[in-house]
Amino acid sequence: MSQLPVIKRDDVVNMRIWRGDASGGSFVDYKIPMSETQTVLDAVTWVQRNVEPGLSYRFACRVGMCGSCAMMVNGRPRWTCRTHVSKVIKNHQIKLEPLRNLPVIKDLVCDLSDFFAKWLKANGRFVPTETRERPVKKISPLSKQRQAANTAIECINCAICYAACDAVEQNPNYLGPAALNRAWTLMNDVRDGGKPERLRAVTGDGGCQCCHSQHGCASHCPNELNPARSIAGLKQAAVTAIFKGEV
Amino acid sequence: MSGLGLYLAQRISAMVMIPLVLTHLGVMIYAVRGGLDTAEILSRTQGSLFWGSLYGLFVITASIHAAIGLRVIAYEWLKLSGLGLNVFAVLVGLGLLALGGQAVYTVVLA
């Protein structure tokens with residue numbers, strides 16, 4: 001394991017924070033005091049409370065549950081609440097930008113509308129097949145399909161994978177790793193009744209076939225999910241469906 | 001942009017090319033190490049249904065595979081789309097088919 005830089009309580013770090021809006025912007029430097037256990041989110045909050053009250057950024061839970069504090073930290077998408085300054089500091093400097101591949105609203109806040117719209121475009125909604133009057137369906141947690149669904153189900157839609165994806169950057173129509181990962185979860189849910197329509201949705205324009213298998217999503221997911229594997233599953237299901245004449 | 005049909009065509013053409021590439025490499029190494037000259041190679045390929053079929057199939061699959069792959073690159077990096085994108089891909093495919101076809105014709109039939 002690599003040695004982390006030793007941070008002294010009196011150290012000062014230069015936070016290079018992108019300031020601007022949809023029409024453009026630039027980096028502004030803020031000098032902030034450091035402490036050993038400080039997260040990048042703590043550092044941004046320090047800037048807003050002490051230097052620049054107009055700085056816009058998002059956070060909610062601060063403990064890696066909600067994903068709303070995701071930003072580009074030194075060029076990589078990260079949850080800032082779960083990223084210690086000591087882990088990412090380089091030459092006494094940290095560079096912060098809004099998430100890649102999403103339109104900027106202001107400063108570190110981006111517009112996630114397209115991201116969630118693609119989730120729906122991929123038929124990410126569960127389609128029930130039972131009514132509340134009927135008994136709950138028994139599903140073995142050991143079944144192959146349930147295990148495949150379980151491995152992908154912990155996504156909290158933080159858009160880290162979407163920001164990490166080069167295919168999204170090059171192809172704005174591409175549904176992206178999060179939406180396709182959600183679709184794969186539902187394709188493995190035996191209670192779901194929307195599989196044929198969903199398979200058509202994820203193989204149409206911007207569908208799973210646009211993934212280049214670069215695994216940027218898997219290497220950046222803070223929950224250690226593997227959307228690339230889910231997308232590979234969708235590709236396999238789609239090819240099988242072609243040969244069965246279902247797509 | 002790239003439909004599922006194109007995706008499938010590219011994967012199938014890649015699968016077909018795997019044994020063809022390995023065979024081609026083997027033949028190249030054999031010809032070079034065995035010290036075969038042009039006349040000796042042509043004496044083996046001229047009028048050969050086997051070599052004509054093998055390299056004919058190679059040219060067809062390579063043309064399909066490369067045209068689809070370059071279509072994706074043209075869409076993502078050159079921002080071509082719609083009719084222009086498809087015309088580009090068809091021209092690439094036909095160009096490779098013509099070049100490869102001429103080479104096969106020369107080695108096997110001419």
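## Basis of the model

This is a predicted model, in which local features need pLDDT of at least 70 and side-chain atom pairs count only at pLDDT 80 or more, while totals for chains, interfaces and linings use all residues. Residues are numbered from 1 along each chain as its sequence is written, and chains are lettered from A, with ligands numbered from 1, in the order in which they are written.

## The two chains

The secondary structure of chain A comes to 10 helices and 7 strands, where helices (H or I, at least four residues) and strands (E, at least two) are DSSP runs numbered from the N terminus. The C-alpha trace of chain A spans about 65 × 40 × 40 Å along its principal axes. Of its 247 residues, 38% count as buried; a residue is buried if 20 or more other C-beta atoms lie within 10 Å of its own, exposed if 12 or fewer, and partly exposed in between, with C-beta atoms placed from the backbone.

Chain B has 4 helices and 0 strands, and its pattern along the sequence reads α-α-α-α. Its C-alpha trace spans about 50 × 25 × 20 Å along the principal axes, and its radius of gyration is 17 Å, whereas a compact globule of 110 residues would have a value near 13 Å. That radius is taken over C-alpha atoms, and the globule rule is 2.2 Å times the number of residues to the power 0.38. Buried residues make up 17% of the 110 residues in chain B.

## Strand pairing in chain A

Strand 1 (residues 12-21) and strand 2 (residues 24-33) of chain A run antiparallel and are joined by 10 bridges; two strands pair if DSSP finds at least two bridges between them. A hairpin links these two strands of chain A through 2 residues, and A:G20 has A:G25 in strand 2 as its bridge partner. Strand 1 of chain A also pairs in the parallel sense with strand 5 (residues 93-97) of chain A, over 4 bridges, and here A:N14 stands opposite A:Q93.

A second hairpin is formed by strand 3 and strand 4 of chain A, with 2 residues between them, and A:N74 in the turn has a positive phi of about 50°. Strand 3 (residues 70-73) and strand 4 (residues 76-79) of chain A run antiparallel with 4 bridges, and A:V73 has A:R76 as its bridge partner in strand 4.

## Two domains of chain A

The domain assignment gives domain 1 (12-110) and domain 2 (113-243) of chain A, with bounds that come from an automatic or database domain assignment. The centres of domain 1 and domain 2 of chain A, taken over C-alpha atoms, are separated by 29 Å. Their contact takes 13 residues from domain 1 and 14 residues from domain 2 of chain A, two residues being in contact if their C-beta atoms, placed from the backbone, lie within 7 Å.

On the domain 1 side of this contact, strand 3 and strand 4 of chain A are the elements that give two or more residues, and strand 4 of chain A provides the largest share, 3 residues. By class, the side of domain 1 of chain A that touches domain 2 has 7 nonpolar, 3 polar and 3 charged residues. In this classification Ala, Val, Leu, Ile, Met, Phe, Trp, Tyr, Cys and Pro count as nonpolar, Asp, Glu, Lys and Arg as charged, and the others, Gly among them, as polar.

Between the chains, 11 residues of chain A are in contact with 8 residues of chain B. Helix 10 (residues 227-243) of chain A gives the most to the chain A side, with 3 residues, and by class that side has 5 nonpolar, 5 polar and 1 charged residues.

The buried residues of helix 10 of chain A include A:P227, A:I231 and A:L234. The buried residues of this helix pack against helices 4, 5, 7, 8 and 9 of chain A together with helix 1 (4-33) of chain B. Helix 10 of chain A is followed by A:G245, which has a positive phi near 70°.

A:L186 is found in helix 7 of chain A and is buried, with 22 other C-beta atoms within 10 Å. Leaving aside its neighbours within four places in sequence, A:L186 is in contact with A:F126, A:D192 and A:R198.
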